[in-house]
Amino acid sequence: MNSHTSTTFPPTTRIRSIPAPSIGDLKAQLDGISGKVLTETLRDLERDGLVTRHVYAEVPPRVEYELTELGFTLYEPLLALCRWAEEHIAEVLINRQAYDAR
């Protein structure tokens, strides 16, 4: 994966919903990610075979993303990682402050 690897996990854990979310739905669920970075990340995930992209010939155009079978194999490990991050964010922030104060 390229330089967008660090932003790959949140979109992957959000794509599981049915019906498949649109890029607008994903962007609304993710704080602090630009449309450009989200689009690049989704294209990387598509290239890696983790998501499929469905384009609908509508006005305005509609694009939806869906996890592939391979993408679903990452869902549980990524969910566990997200849970760990949520449980330990306070400790991580304290450690960052201590490090930055040096």
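A salt bridge here is a side-chain nitrogen of Lys or Arg within 4 Å of a carboxyl oxygen of Asp or Glu. With that rule in hand, the side chains of Glu58 and Arg62 meet in one, at 2.8 Å from N to O. More on that pair below, after a look at the whole chain.

First, some ground rules. What you're looking at is a predicted model, where local features need pLDDT of at least 70 and side-chain atom pairs count only at pLDDT 80 or more, while totals for chains, interfaces and linings use all residues. Residues are numbered from 1 along each chain as its sequence is written, and side-chain values use heavy atoms, with hydrogens and water left out.

**Overall layout**

The protein has four helices and two strands, in the order α-α-α-β-β-α along the sequence. Helices (H or I, at least four residues) and strands (E, at least two) are DSSP runs, numbered from the N terminus. Of the 102 residues, 26% count as buried. Buried means under 20% relative accessible area, exposed means over 50%, and partly exposed is in between (1.4 Å probe, protein chains only).

**The core**

Which residues make up the largest nonpolar core? Eleven do: Leu26, Leu30, Ile33, Leu38, Leu42, Leu45, Leu50, Val51, Val63, Tyr65 and Leu67. Helix α3 (35-47) and strand β2 (62-67) each supply at least two residues of this core. The term covers a set of buried Ala, Val, Leu, Ile, Met, Phe, Trp, Tyr and Cys residues joined through side-chain atoms within 4.5 Å.

Strands β1 and β2 form a hairpin with five residues between them. They run antiparallel, and six bridges join β1 (residues 51-56) to β2; strands pair if DSSP finds at least two bridges between them. Across the pairing, His54 stands opposite Glu64 in β2.

Helix α4 spans residues 69-100 and has a kink of about 60° centred on His88. The bend at a residue is the angle between axes fitted to the seven residues ending there and the seven starting there. Buried residues in α4 include Gly71, Tyr75 and Leu78.

**Salt bridges**

Back to the charged pairs: the count comes to three.

| Pair | N to O distance |
|---|---|
| Lys36 and Glu40 | 2.9 Å |
| Glu58 and Arg62 | 2.8 Å |
| Glu64 and Arg62 | 2.7 Å |

Lys36 and Glu40 are four residues apart in helix α3, so about one helical turn separates them. An α-helix has 3.6 residues a turn, so residues three or four places apart point the same way. Lys36 is exposed, at 59% relative accessibility, and Glu40 is partly exposed at 25%.

Glu58, Arg62 and Glu64 are linked in a network of salt bridges. In that trio, Glu58 is partly exposed at 36% relative accessible area, and Arg62 is partly exposed at 28%. Glu64 counts as buried, with 12% relative accessibility.
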